[in-house]
Amino acid sequence: MDDDTLDRVVWEYYEGIVLPEDAMARILEAAPARSVVVPFHRRSAFRWSIGAAAALALMVTAAGVAGFRPAGAESTRLAHQVLDVYDHHLDPDVYSSDLQSIEWGLNHTDFSIVPSDFSHLKGYAVVGARKCQYSGKKAVQVILVGKDSGREGCLYVLPYDKAFDRIREPDVYVGNDHISMWRDGDRMFALYEPGK
Amino acid sequence: MNDRELLQAGFKYAYALCHNYHEAEDLVQQAWFRLHRKYGKVETKALLFKTIRNLIMDRIRRDKVVSFESVEDREFASSAEVRASKDDVEAILSGLRREERESLYLNVVEGYTAQEIADQTGSPRGSILSLIHRAKKKLREGLDNSFDRAN
């Protein structure tokens, strides 16, 4: 059973869970009597203005951090691409702990996402994967969760390209985050591990 | 979203948390009244969900027991596919951990991303992804088994 079918089963099940009409009428009728005047600090306009100011401050900070990324070697480029994809926190297209099942579930990846050596993934559990792109080419982001730490990492799999020959440093640190890269036949793997 | 839609959404979410009709009704009512007392109205679905969640967490802490399913008074959709296996779906969902059911519900029914669920529940995104994964795995295995039995 694929993820879409499973989702539909769950969705249809909960569609059938409804609050009875008499209970709804009772709640709606009784609620206004319980209303009180809202204190100023709880009024939505006031809260929104604080929220907007906080969001603006966060965006300015984030823009500053994102802008501070050195250009250069292919390893740095790949590392930053991995970080960019990770930062978007996108959900998996397919949920599974089995890479082979994920490969079938994703369809048309054109390359295998199963590494020939699993030692890099030691300590991680696979939870799913999604399709993405690297330099306009298909790639796959496998979502990992640390078995002990519960921290999220990701494995980036993409077809090997000549440009990767220029990679001199297979280990890149961006802040505390670590990205390790390795070639596996005709594929390139990049593992992102969040810093502590 | 009007009040009726908000109440229905709140009820479904409460049901996903406790899997008990009466408790879900009680939770959504209590949350609704609480928000009216505080703000004079229920402004957003997110706030209603958060209040429902806080209420059930208070109950769990107070009672130190997680109340599970009652199998009475169920109403189901008319879809033939779901009707064919509604008891199985009910049983499997009831067997999930509350956190798994909650994450699955918010993801599949409400369309929240793992990050949004993490923000809502205060759990790390990695944990939410694991919960959704485990919930789907259990559901898939359970349904496969029930289909095998039926055939």
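Gln133(A) stands opposite Lys138(A), a residue of strand β3(A). Ten bridges join β2(A) to β3(A), and the two strands run antiparallel. Here, two strands pair if DSSP finds at least two bridges between them. Helices (H or I, at least four residues) and strands (E, at least two residues) are DSSP runs, numbered from the N terminus.

A few ground rules before going on. This is a predicted model, in which local features need pLDDT of at least 70 and side-chain atom pairs count only at pLDDT 80 or more, while totals for chains, interfaces and linings use all residues. Residues are numbered from 1 along each chain as its sequence is written, chains are lettered from A and ligands numbered from 1 in the order in which they are written, and side-chain values use heavy atoms, with hydrogens and water left out.

## The sheet of chain A

Chain A holds five helices and seven strands. Read from the N terminus, its elements follow the pattern α-α-α-α-β-α-β-β-β-β-β-β. The seven strands form an open sheet in the order β1-β2-β3-β4-β7-β6-β5, with antiparallel pairing. At its edges are β1 (94-95) and β5 of chain A, each of which pairs on one side only. As a reminder, strands of a sheet pair through backbone hydrogen bonds, either parallel or antiparallel.

Let's follow the sheet from β3(A) to β4(A): these strands run antiparallel and are joined by six bridges. Leu144(A) has Gly153(A) in β4(A) as its bridge partner. The hairpin of these two strands has five residues between them, and Gly150(A) takes a positive phi near 75° there. On to the next pair: β4(A) and strand β7 (residues 187-193) of chain A are antiparallel over six bridges, and Leu158(A) stands opposite Met188(A) in β7(A).

Strand β4 (residues 152-159) of chain A is mostly covered, with seven of its eight residues buried. Buried means under 20% relative accessible area, exposed means over 50%, and partly exposed lies in between (1.4 Å probe, protein chains only).

## The β5-β6 hairpin

Strand β5 (residues 171-174) and strand β6 (residues 177-184) of chain A pair in the antiparallel sense over four bridges. Within this pair, Tyr173(A) is opposite His178(A) of β6(A). Two residues lie between the strands of this hairpin, where Gly175(A) takes a positive phi near 65°.

## Chain A in numbers

Chain A has 196 residues, of which 42% count as buried. It exposes about 10800 Å², and carbon and sulfur atoms supply 57% of that area; accessible areas come from the Shrake-Rupley method with a 1.4 Å probe, and for residues only the protein chains shown count as cover. Among contacts (heavy atoms within 4.5 Å) between residues of chain A at least 6 apart in sequence, 54% join residues at least 24 apart.

## Where chain A meets chain B

On the chain A side 47 residues are in contact with 54 residues of chain B. About 4800 Å² is buried between the two chains, with carbon and sulfur atoms giving 60% of it. Tyr13(A), Tyr14(A) and Tyr95(A) supply 17% of the area that chain A buries against chain B, more than any other three residues. Buried area is the accessible area (1.4 Å probe) that two parts lose on being put together, summed over both.

The rule finds seven salt bridges across this interface, a salt bridge being a side-chain nitrogen of Lys or Arg within 4 Å of a carboxyl oxygen of Asp or Glu. The side chains of Asp7(A) and Lys136(B) meet in a salt bridge at 2.9 Å, N to O. The elements giving two or more residues to the side of chain A that touches chain B are α1 (3-15), α2 (21-30), α3 (44-67), β2 (124-134) and β3 (137-146) of chain A. Helix α1(A) gives the largest share of that side, eleven residues.

Asp3(A) is found in helix α1 of chain A and counts as buried because its relative accessibility is 8%. Not counting residues up to four places away in sequence, Asp3(A) touches Asp93(A), Val94(A), Tyr95(A), Lys136(B) and Arg140(B). Its side chain makes a polar contact with the side chain of Arg140(B) at 2.6 Å. A polar contact is a pair of N or O atoms within 3.5 Å; within protein, one must be able to donate a hydrogen and the other to accept it, and residues adjacent in sequence count only if both atoms are side-chain atoms.

In chain B, His19(B) lies in the loop between α1 (3-18) and α2 (21-39). Its phi is near 55°, a positive value in a residue other than glycine. His19(B) counts as buried because its relative accessibility is 0%.
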